[in-house]
Amino acid sequence: MANTQNLELPGSLGRFPSVKTSLAIITGVMMLVDLYLIFMVAPTDSVLGHVQRVFYFHVPIAIMSFLAFFAVFIFSLMYLGKRTPKWDAIAHASAEVGVVFVTLALLTGIIWARPVWNTWWTWEPRLTTTMILWLIYVAYLMVRSYAPTQSKGAIYAAVVGIVGFIDVPIVYYSVVWWRSIHPSPVVGPFAQSDSLDGTMYLILLYSFITFIFFFIYMVAERMELRSTEEALGRIRFTLRRRGR
Amino acid sequence: MGLLGPVMIIVWKDVLLELRSRDLIISVVVFGLLVVVVFNFALNNTPGRSEELAPGILWAAFAFAAVLAMNRAFVRDQEQGGLEGLLISPVSRDAIFLGKALTSLIFMLLVEAALLPIYAVMLDFSALSWTLMLTIFLGTLGFAVVGTLFSAMAVQTRSREIMLPVLFFPVLLPVIIAAVEASTRAVGGETFIGLGRWLPLIGVFDALFLVICPWVFAFVVEE
Amino acid sequence: MLDFILLSSHLPSSNLPYLFAAFAVSWVVLFGYLFYVNRRQHEMKKEIARLQRVLDDDPSEE
């Protein structure tokens, strides 16, 4: 019987500990640098003051949550085509980490909105689309857990990932058009009275790259969890078959 | 075309089944009335505001009714093994999907036809506008196409009552937004051009998902 | 074109609590999730080890 310590688990990234650990260290370092840049290097916005620094977290997280859904879309397509479990594992992990990111995008967006627009929420295209994205992610995860079998769950989830992804741009534009008729006197979260200063833009870019690494690391963690779940399932199955 | 025959047979059978029992169509119509009553008071629909609120209340009612109707239809279908029977037969998956979607569409249109005159009276608007009819048709088509796909999935899951709404509403939001906007203009007497880009939006949505949904439906029902 | 409403009631300096809140929430959520994943991973590995011992002790092994 295989020693579970270095089990070559299918759907995994190969020899786990070293890749994941180095990813964790790189991400950690990048994040520390990012925080330094955000608080020590970034210029203070002349209109909004220090609270504007939330922007360096909120924007990359929001963009990342949409990119994650794109990943879910691609891997869902691949899974429906090839049925390799690995694609489903990546899609699932990306969706779960993605929902964490969208939740955070919404939370930071709300906290950002209050001081800047004097309201917690507004039905403008980006926020509304992010909300819908959150709902579709949740539907994706729900349909996976509530499906009758694991394989059906994977298929249903893939369908939701595909249909949902195609729907998101339509949602965005419909709200843009709606808002042109029902305007509210606030402006989008990325517009500032300062146009984006060179330094600000670079720090934003760096922050974005940091969050890409963070996302990949979190997906790697989640995928390892899934492999462990599968190993547990297999060992339970073996025991049950032996009547224990 | 080889598709048309099986589709029409499926539709014919399902529609006859629904009309014969009649309980589903009556309950959905009653539900539609209840939704309007609730929304009327929830939104504080005083006489002056009716013009502003009517299209929204109309589409909220239609959307909730559609979810209810499709949920019930698929649950009943599953209990009777209707879908299983179709899957064993040599009918193509596309035909099954289109048949089911068309059945839902016809069912919903009948429900809406029953409700519309009542709404016109309760919410004080003129329903005699062919642009309004067109909007209702296209919007309902969107509900039917996407709803059929999601119902086929939801009915297999553990919590089917909640699964369909959770899938349905986020995806169909653009249709609801566009339908309300178009209806507002239609009721105000606008011609087709006056409806702006809203009706084309629903049209594009319908066309897009009429292609996508049958394709993924095959994966949903495969064994 | 400036279609932006500047709220004079909100002095930039008074918004620091929001700044703190946003970053605090970010850390809590991100690390909370990582913590949750790691804890489940740990529990499952313990369970696997336990079941592995049961399997190894099983006299009816083929």
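**Chains in contact**

I began with the pairings and found that, of the two pairs of chains in contact, chains A and C share the most contacts, where two residues are in contact if their C-beta atoms, placed from the backbone, lie within 7 Å. I noted that this is a predicted model, in which local features need pLDDT of at least 70 and side-chain atom pairs count only at pLDDT 80 or more, while totals for chains, interfaces and linings use all residues. Residues are numbered from 1 along each chain as its sequence is written, and chains are lettered from A and ligands numbered from 1 in the order in which they are written. Between chain B and chain C I found no contact, their closest C-alpha atoms lying 24 Å apart.

**Chain C**

I looked up helix 1 of chain C, residues 16-57, and found 42 residues reaching 61 Å from the first C-alpha to the last, close to the 62 Å expected at 1.5 Å a residue; the expected span is 1.5 Å times one less than the number of residues. Helices (H or I, at least four residues) and strands (E, at least two) are DSSP runs, numbered from the N terminus. An unreviewed UniProt entry annotates residues 16-36 of chain C as "transmembrane region"; positions are given in the numbering used here, feature names are shortened, and annotations may be inferred rather than shown by experiment. Over residues 16-36 I read 100% helix and 0% strand, with the end C-alpha atoms 30 Å apart.

Which residues of helix 1 of chain C are buried? They are C:Tyr18, C:Ala22, C:Leu30 and C:Tyr33, a residue being buried if 20 or more other C-beta atoms lie within 10 Å of its own, exposed if 12 or fewer, and partly exposed in between. Their cover includes helix 2 (55-82) and helix 3 of chain A.

**Chain A**

I counted six helices and zero strands in chain A, and 45% of its 244 residues count as buried. Among its contacts between residues at least 6 apart in sequence, 79% join residues at least 24 apart.

I then turned to A:Ala158, in helix 5 (residues 150-181) of chain A, which counts as buried because it has 30 C-beta neighbours inside 10 Å. Leaving aside neighbours within four places in sequence, A:Ala158 is in contact with A:Ser76, A:Tyr79, A:Leu80 and A:Ala91.

**Chain B against chain A**

I found 22 residues of chain B in contact with 25 residues of chain A. On the chain B side, helix 7 (160-187) and helix 8 (198-221) are the elements that give two or more residues, and helix 7 gives the largest share, 10 residues. That side divides into 16 nonpolar, three polar and three charged residues; Ala, Val, Leu, Ile, Met, Phe, Trp, Tyr, Cys and Pro count as nonpolar, Asp, Glu, Lys and Arg as charged, and the others, Gly among them, as polar.

From the other chain, I checked A:Val159, which, neighbours within four places in sequence aside, is in contact with B:Met153, B:Val216, B:Phe219 and B:Val220.

**Core and loop**

A:Val159 is also among the residues with the most contacts inside the largest nonpolar core, which has 154 residues; such a core is a set of buried Ala, Val, Leu, Ile, Met, Phe, Trp, Tyr and Cys residues joined through C-beta atoms within 7 Å. Helix 3 (residues 85-117) of chain A gives this core its largest share, 19 residues.

Last, I found B:Gly48 in the loop between helix 2 (23-42) and helix 3 (50-80) of chain B, exposed, with 7 other C-beta atoms within 10 Å. B:Gly48 lies 50 Å from B:Phe219, C-alpha to C-alpha, at a sequence separation of 171 residues.
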